[in-house]
Amino acid sequence: QVMEPVPTPLDGSAPLAEAAAGLARSAHGVLPVTTADGTYLGVADARTVAETLADGAHDTTPVSTVAHIPRSLTAATGLSDALGALVGTEGAGLPVLDGQNDSLIGWITHQTLLAAMHQATRPLAQP
């Protein structure tokens, strides 16, 4: 298993000021954003949140408005494809989704991916 556990997601309705605090505590500078029932909405990164908050007029804006959907990774994604996705994204981690792309099942970072590539080429998760 190459994936890390999913970091605690941000609730999509959380105000940006609250999301900024959560992102400041995150190890990767990026966190998944979900609805209250856990449906995946995308990811929010510290840079985008900070830039949006800079004008002082968006403290109560929901974090879902700045969430974006990065390239989809699933448990079947190959390590090379996962590396390509990580290289082309903000932050140091990406969500791994179920086959329907609506539920988070894990998290992948540069560090975990490079460790796995060092061992052998294999999918992100083993059946």
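How many helices and how many strands does the protein chain have? I started my notebook with that count. The model I looked at is predicted. I found four helices and five strands in the protein chain.

**Order of elements.** Next I read along the sequence. The protein chain follows the pattern β-α-β-β-α-α-β-β-α.

**Annotated span.** I then checked the UniProt record. Its unreviewed entry carries the annotation "domain: CBS" for residues 3-60. I looked up the make-up of residues 3-60: 31% is helix and 22% is strand.

**Overall size.** I asked how the protein chain compares with a compact globule. For 127 residues, such a globule would have a radius of gyration near 14 Å; the protein chain has 15 Å, so the two agree. I also took the extents along the principal axes. The C-alpha trace spans about 50 × 25 × 20 Å.

**Inside and surface.** I looked up burial next. Of the 127 residues in the protein chain, 40% are buried, meaning under 20% relative accessible area. The protein chain exposes about 6,400 Å². Carbon and sulfur atoms supply 54% of that area.

**Contacts.** Residues 24 or more positions apart account for 59% of them in the protein chain.

**Charges.** Last, I looked up the charged side chains. The protein chain has 4 positive and 12 negative ones. I noted that the centres of these two sets lie 11 Å apart.

Notes
Residues numbered from 1 in each chain as written. Predicted model: local features only at pLDDT ≥ 70, side-chain atom pairs only at ≥ 80, totals over all residues. Heavy atoms only, no water. UniProt positions renumbered as here; feature names shortened; annotations may be inferred. Helix = DSSP H or I, 4+ residues; strand = E, 2+ residues; numbered from the N terminus. Rg over C-alpha atoms; globule rule 2.2 N^0.38 Å. Buried < 20%, exposed > 50% of the residue type's maximum accessible area, 1.4 Å probe, protein only. Contact = heavy atoms within 4.5 Å. Areas by Shrake-Rupley, 256 points an atom, 1.4 Å probe, with all protein chains shown as cover. Lys, Arg positive; Asp, Glu negative; His and termini not counted. Charge placed at Lys NZ, Arg CZ, Asp CG, Glu CD.
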